[in-house]
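Please look at the sequence and the structure together, and keep both in view while you read.

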Amino acid sequence: MAPRITVIGTGYLGATHAAGMAELGYEVLGMDVDPDKVSVLSSGRSPVFEPGLEELLARHLASGRLRFTTSAEEAARFGDVHFLCVGTPQKKGEMAADMTYVDAAVDALAPHLDRPCVVVGKSTVPVGTAARLSQRLADTAPAGEAAELAWNPEFLREGYAVQDTLRPDRLVFGVRPGGRAEEALREVYAPLLGAGVPLVVTDYATAELVKVSANAFLATKISFINAMAEVCEASGADVTQLSAALAHDDRIGGRFLNAGLGFGGGCLPKDIRAFMARAGELGADQALTFLREVDAINMRRRSRMVELAREQCGGGFLGRRIAVLGAAFKPNSDDTRDSPALNVAAQIQLQGGQVSVYDPKALDNARKAFPGLNYAESALEAAEGAHVVLHLTEWQEFRELDPLVLGERVAERRVLDGRNVLDAERWRAAGWTYRALGRPQPE
Ligand code: UGA
């Protein structure tokens with residue numbers, strides 16, 4: 001009989017994983033301690049903006065394969081394979097990850113696990129967590145060692161979560177030698193493995209490290225090109241041409257080589273910090289000191305954007321109106337966690353500028369995170385009377401803006417492209433002063 005699946009934690013990762021598992025044909029029970037989330041999901045709505053997710057939820061609520069609950073006991077009794085998808089945010093005032101939710105999920109499930117099952121961690125965790133949780137399960141589940149732990153890190157990107165879940169680049173199973181978790185996971189993922197998705201089977205520690213090192217590499221790649229942008233700014237070179245030329249080398253590749261305002265979100269920034277903290281605990285801090293630079297380069301891009309905006313405002317923000325296009329940490333997402341765009345907007349407001357922020361999907365989250373900023377309902381409204389327009393999150397909607405139409409609304413036609421994607425010639429032809437990070441200013 002096909003295994004029954006539970007998914008503990010129904011945020012970006014868990015909601016998508018639950019719906020994805022139902023799409024693969026399984027009976028799925030999603031569990032979350034937040035009753036509001038459970039009722040929203042049970043009505044077929046997604047608590048987050050994620051393209052394609054609501055369709056998948058609706059399909060499988062209707063097919064009867066997908067349900068949600070707040071009861072850990074019900075989840076424990078229902079599932080043969082339990083996926084842990086809870087968050088591991090950065091601890092307040094520290095670099096390390098907060099493991100409260102992961103530990104609480106295991107503690108809620110374990111007392112009810114009285115038959116053989118597999119508990120599969122998907123969250124991004126400090127290396128060593130799986131070994132610790134495996135022991136905790138063995139000690140506290142009535143099934144003892146028959147409640148087996150596996151680590152199966154998740155690599156999905158927000159905005160592409162559904163597609164990344166159903167067609168991942170690879171699967172990684174971290175398992176205990178001699179256990180039955182590998183076989184159980186091979187069965188669950190059979191539709192993907194059969195379709196040719198590569199599989200790497202490892203021990204626990206390696207599986208945990210694959211995830212954090214992947215995110216560390218991606219963050220490093222972005223900061224590398226942003227460091228080149230700094231040198232380009234100092235030397236009059238153009239980082240977009242530089243990165244296009246580098247990308248022709250297959251060994252380097254062009255993805256994640258877009259210079260601009262840098263990385264944000266709920267993953268890359270906190271993951272590199274937690275990775276450094278964990279390496280420190282293990283006595284391997286020297287190995288990761290470069291990540292401190294990666295973080296510092298990334299944060300400098302935000303200050304540089306504020307500096308450029310100040311320059312464009314004539315040296316100070318007082319009495320100046322600044323339109324900010326974008327609030328999400330990246331396009332196709334409503335997530336504003338550690339958003340570079342909102343960070344820049346807040347810095348400018350703090351320095352006396354009158355900021356007006358617009359984003360196609362992230363305004364609700366932005367209002368909650370930064371209630372003191374002013375928000376507009378459209379790009380045109382944000383641009384009303386602006387002395388400078390800052391393009392900080394590269395939504396398609398912003399690429400398609402007509403600079404002539406926008407030009408009618410602003411006080412001064414000045415645009416700063418924080419993502420290097422607007423068509424500079426088109427904006428200049430419409431009478432705008434166009435400036436971007438890492439690119440020369442024509443005479
Ligand atoms: C990231 C990883 O890409 C996923 O593989 C991983 O599963 C996920 O974290 C996670 O750990 O859960 P995500 O946070 O959704 O995914 O966002 P990315 O697409 O990686 O973008 C991160 C940030 O980098 C964004 O702020 C984006 O604007 C920025 N970025 C990306 C650049 O500044 N330049 C680039 O060339 C690419």
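Is cysteine 267 buried or exposed? Cysteine 267 is buried, because 24 other C-beta atoms lie within 10 Å (a residue is buried if 20 or more other C-beta atoms lie within 10 Å of its own, exposed if 12 or fewer, and partly exposed in between, with C-beta atoms placed from the backbone). This is a predicted model, in which local features need pLDDT of at least 70 and side-chain atom pairs count only at pLDDT 80 or more, while totals for chains, interfaces and linings use all residues. Residues are numbered from 1 along each chain as its sequence is written.

Cysteine 267 sits in the loop between α11 (239–247) and α12, and UniProt, in an unreviewed entry, places the feature "active site" at Cys267, although such annotations may be inferred rather than shown by experiment. Leaving out residues up to four places away in sequence, cysteine 267 touches Thr124 and Asn215, where contact requires that the two C-beta atoms, placed from the backbone, lie within 7 Å.

Threonine 124, in turn, lies in the loop between β5 (117–121) and α6 (129–140), and with 25 C-beta neighbours inside 10 Å it counts as buried. Beyond four places in sequence, the contacts of threonine 124 include Thr88, Lys211 and Cys267.

Around the ligand there are 22 residues, and Cys267 is among the closest (a residue is near a molecule if its C-beta atom, placed from the backbone, lies within 6 Å of it). Domain 1 (5–202) and domain 2 (203–443), whose bounds come from an automatic or database domain assignment, both give residues to this shell, so the ligand lies between them.

Key. Helices (H or I, at least four residues) and strands (E, at least two) are DSSP runs, numbered from the N terminus.
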